[in-house]
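The sequence and the structure are shown below.

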Amino acid sequence: MPVESGSSGAARQAKQKRKSHSLSIRRTNSTEQERSGLQRDLLEGQDTKLPLSLRTNLLDLFSQIEREFENLYLENIELRREIESLNDRLAADGQTVEGADLAKGALKTKASHSTSQLSQKLKTTYKASTSKIVSSFKATTTRAVCQLVKEYVGHRDGIWDLSITRTQPVVLGTASADHTAMLWSIETGKCLLKYLGHQGSVNSIKFHPTEQMALTASGDQTAHIWRYMVQLPTPQPVADTAQTPCEDDVDFSDKDDADGEVEGPNDCPSVRVPTTTLRSHQGVVIAADWLVGGKQVVTASWDRAANLYDVETSELVHSLTGHDQELTHCCTHPNQRLVVTSSRDTTFRLWDFRDPSIHSVNVFQGHTDTVTSAVFTVGDNVVSGSDDRTVKVWDLKNMRSPIATIRTDSAVNRISVSVNQKIIALPHDNRQVRLFDMSGVRLARLPRSNRQGHRRMVCCSAWCEDNSTCNLFTCGFDRQAIGWNINIPALLQEK
């Protein structure tokens, strides 16, 4: 009888505790609205750039997380009370020490199982709440729109580089491993001219700032300057292709289309003899560019040197040495006599020719792998890309450390920066092209599937500010160049 009386008393006590627990939960739920209203008032008083709807949505999600943790906390308290009640009952029954230890072992197993369930519940709650938060951000963000406009097909091997003319008529130039360079009509995709003067892979192409001249660098250890004259064909109506949002929910496919033999344009006129041949390198000439004014050019080679030439006389003016390994790229400033060279030695160098008597050089060691390219912007910035899967933005006035770092999931090839919008286009080894602003914020990813986009490594990107149809061009080792229409809403570019 005393044992039964003790058991009924313990049961009555546990029942009262469960009742108080339910009352506490009810009391908690009754004060939720008051607390939420107070938090909203505090949030509205804070200085933030988030829209009110987004702030309210975030507050509701965090309130749900808080309620889940509060309920779990109350359940934990209830479990502790039940454990204490069972210990009291065992003590009243006069259990021996060994029995008590055995009971404690059983309780410990039960508590461990309950703890495991609580841990799993916390993980599930956190994952679900986090997914809700991420989804809410995606739903409230204005999307960039990327539209594939034209494909330029005709090369018989991969395309290393492309460029847009700076004078009228505006045409697209491509440099290919098939030993040729081609000029294309942007609107029609028709080949206008083919250059056949090189004996090796054509690794880069750049156009004179004011005249109809092209500069190409080749694996035959030379750089050529050649003149061109083209007549644009009558533009055809552009097909009304559905606009594709540049986001991760596009149906991507890793399936590669079969590489058939591409029939090159047979009716395309050709140029076989350059006006100027620049010789002095002892290795592959991997890149070349015009200095401001167009009277001098710079070339970068695998012989670890960059050479500065006079265009009129073809004479070597300076040999820029100092890199420890092969050069990968060179670029000139659009308005000043500055040159930046990139190398496999993980560095890029800034060469200053503004003062004819002093030629200074600065070495920058911000990467851990091959620097594939470094380019100037119109302002006082340099943007460098590397095989270490990062892109860094530097300030010319203080280049001790980058002002922004972009981390990606694949090696970055020859990047380009939009003059007007200051958007960086990143071509990747993994066939993707991503767009970032100068602060390192990702704006978009170009759509790629088995129906559109590149099917091999994307080698280069180039912006065209003066064309309303296509304002970004990319090329890759799938033997094609692609023209895109990129529309980045102002909301995504504002900081």
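## Cysteines

Cys475 has a relative accessibility of 0% and counts as buried, where buried means under 20% relative accessible area, exposed over 50% and partly exposed in between (1.4 Å probe, protein chains only). Cys464 is likewise classed as buried, at 5% relative accessibility.

A search of the whole structure returns 0 disulfides, a disulfide being a pair of cysteine sulfur atoms within 2.5 Å. For Cys464, the closest cysteine sulfur belongs to Cys470 and is 8.2 Å away, too far for a bond. Cys475 is in no disulfide either, and its nearest cysteine sulfur, in Cys460, lies at 4.9 Å.

## Basis of the model

The model is predicted: local features need pLDDT of at least 70, side-chain atom pairs count only at pLDDT 80 or more, and totals for chains, interfaces and linings use all residues. Residues are numbered from 1 along each chain as its sequence is written, and side-chain values use heavy atoms, with hydrogens and water left out.

## The largest pocket

The largest pocket has a volume of about 980 Å³. On a 1 Å grid over the protein atoms alone, a pocket is an open set of points where a 1.4 Å probe fits, with protein on both sides within 12 Å along at least five of seven lines; lining residues have an atom within 4 Å of a point. Grid points are joined across faces, edges and corners, and the volume is the space filled by probe spheres set on the points.

The lining comprises 36 residues, and Ser163, Arg166, Val417, Val419 and Trp463 lie nearest the pocket centre. By class, 20 lining residues are nonpolar, 9 polar and 7 charged; Ala, Val, Leu, Ile, Met, Phe, Trp, Tyr, Cys and Pro count as nonpolar, Asp, Glu, Lys and Arg as charged, and the others, Gly among them, as polar. Strands that each supply at least two lining residues include β2 (159-164), β16 (327-332) and β28 (458-463). Strands are DSSP runs (E, at least two residues), numbered from the N terminus.

Gln296 belongs to strand β13 (residues 296-301) and is buried at 14% relative accessibility. Its side chain makes a polar contact of 2.9 Å with the side chain of Arg337; such a contact is a pair of N or O atoms within 3.5 Å and, within protein, one must be able to donate a hydrogen and the other to accept it, while residues adjacent in sequence count only if both atoms are side-chain atoms. Beyond its neighbours within four places in sequence, Gln296 is in contact (heavy atoms within 4.5 Å) with residues including Trp290, Tyr309 and Asp310.

Val153, in strand β1 (residues 145-153), is partly exposed, with a relative accessible area of 40%. The C-alpha atoms of Val153 and Ala481 are separated by 6.8 Å, although the two residues are 328 residues apart along the chain.

Terms used. Helix = DSSP H or I, 4+ residues; strand = E, 2+ residues; numbered from the N terminus.
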